[in-house]
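Student: I would like a close look at one part of this model. Please take the ligand site and keep it brisk.

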Amino acid sequence: MPIAPLDILVHASNILLLVAYSVRDILWLRWFAVAAALTNIPFFLLQETVLWPPVMWACVFTAINLAQIWRIYLQRRPVRLTGDEQRLYALGFDSIRPRDFLSLTMLGAWEDAPEGKRLLEAGKPAEEVCIAIDGTVAMSRGGENLGVLMPGQLVGVTMVLIGEPSPVDARFATRGRYIRWPVGRLRVFLDARPELRAAVLAHVKQDIARKLYGTKAGVAA
Ligand SMILES: Nc1ncnc2c1ncn2[C@@H]1O[C@@H]2COP(=O)(O)O[C@H]2[C@H]1O
């Protein structure tokens with residue numbers, strides 16, 4: 001059976017669609033789907049009576065696929081961390097994927113701290129969890145010095161976990177720089193991302209264990 005020249009477009013389009021359904025990467029699937037639709041459109045346009053409905057639907061599918069392709073490229077962009085983020089990442093967050101880590105830091109706010117800046121007030125609940133990347137944080141209770149937290153250690157996390165007011169004051173013993181996350185926003189954010197939540201909780205457990213046993217990254221008296 002001879003193949004009409006215009007029918008070649010339909011065959012080519014369906015072969016492209018076949019390839020689209022065979023690939024495993026969603027990005028390639030969408031590119032082949034776009035190619036299939038664009039190959040098919042001239043077939044409908046070149047009929048004696050132009051077949052507008054399939055042309056219109058092919059355009060709709062192509063637009064959706066192109067928008068999704070754009071989104072996938074944005075998601076797959078290499079992650080670039082700022083100086084602060086790189087420093088924090090190196091301070092013990094390297095078990096978290098850089099892209100997840102970036103979304104976590106974007107939720108927080110970076111601040112410079114003068115010496116004496118208070119992060120926790122005895123008797124008040126911790127509303128924020130903080131981590132210094134520079135400077136040390138001294139803890140005290142009733143004037144008694146309880147030790148210092150080093151850069152990379154969480155400040156306020158045990159209070160957040162047990163839901164009780166802080167028994168200690170925590171203040172920067174030196175000038176420093178730190179990131180802070182409001183507890184409420186952090187909870188909502190992590191509840192929607194179970195994998196990242198598990199990774200963050202693993203990090204929290206390690207942090208608490210180090211504080212408990214006073215390892216080199218733990219509380220220094
Ligand atoms: N009674 C205490 N004695 C010594 N350190 C404490 C005491 N209570 C709390 N801390 C420390 O103070 C820190 C405040 O931040 P975290 O809750 O992350 O972890 C807390 C502990 O490391």
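Student: Which of the 13 residues around the ligand come nearest?

Tutor: Met-139, Gly-156, Val-157, Thr-158 and Lys-211 come nearest, out of 13 residues around the ligand. A residue is near a molecule if one of its heavy atoms lies within 4 Å of it.

First, the ground rules. This is a predicted model, in which local features need pLDDT of at least 70 and side-chain atom pairs count only at pLDDT 80 or more, while totals for chains, interfaces and linings use all residues. Residues are numbered from 1 along each chain as its sequence is written, and side-chain values use heavy atoms, with hydrogens and water left out.

Now the polar contacts (pairs of N or O atoms within 3.5 Å). A backbone N or O atom of Gly-156 sits 2.7 Å from an oxygen atom of the ligand. For Val-157, a polar backbone atom is 3.0 Å from a ligand oxygen. For Leu-154, the distance from a polar backbone atom to a ligand oxygen is 3.2 Å. As for cover, the ligand taken alone exposes 460 Å², and the protein buries 79% of that. Those areas come from the Shrake-Rupley method with a 1.4 Å probe.

Which elements build the shell? β4 (137-141), β6 (154-155) and α6 (157-162) each give two or more residues to the shell around the ligand. α6 gives the most, with 3 residues. Helices (H or I, at least four residues) and strands (E, at least two) are DSSP runs, numbered from the N terminus. By class, the shell holds 9 nonpolar, 2 polar and 2 charged residues. Here Ala, Val, Leu, Ile, Met, Phe, Trp, Tyr, Cys and Pro count as nonpolar, Asp, Glu, Lys and Arg as charged, and the others, Gly among them, as polar.

Next, the helix packing. Helix α2 (residues 26-45) packs with helix α3 (residues 52-76) at an angle of about 155°, their axes 9 Å apart. Axes are lines fitted to C-alpha atoms over the stretch in contact, and angles run from 0 to 180 degrees between N-to-C directions. That makes α2 roughly antiparallel to α3 (over 145 degrees counts as such). By class, their contact has 19 nonpolar, 3 polar and 2 charged residues.

Helix α5 (residues 98-107) and helix α7 (residues 183-191) also pack at about 155°, with axes 10 Å apart. So α5 is roughly antiparallel to α7.

Definitions and conventions: A polar contact is a pair of N or O atoms within 3.5 Å; within protein, one must be able to donate a hydrogen and the other to accept it, and residues adjacent in sequence count only if both atoms are side-chain atoms. Angles under 35 degrees count as roughly parallel, over 145 as roughly antiparallel, 65 to 115 as roughly perpendicular and the rest as oblique.
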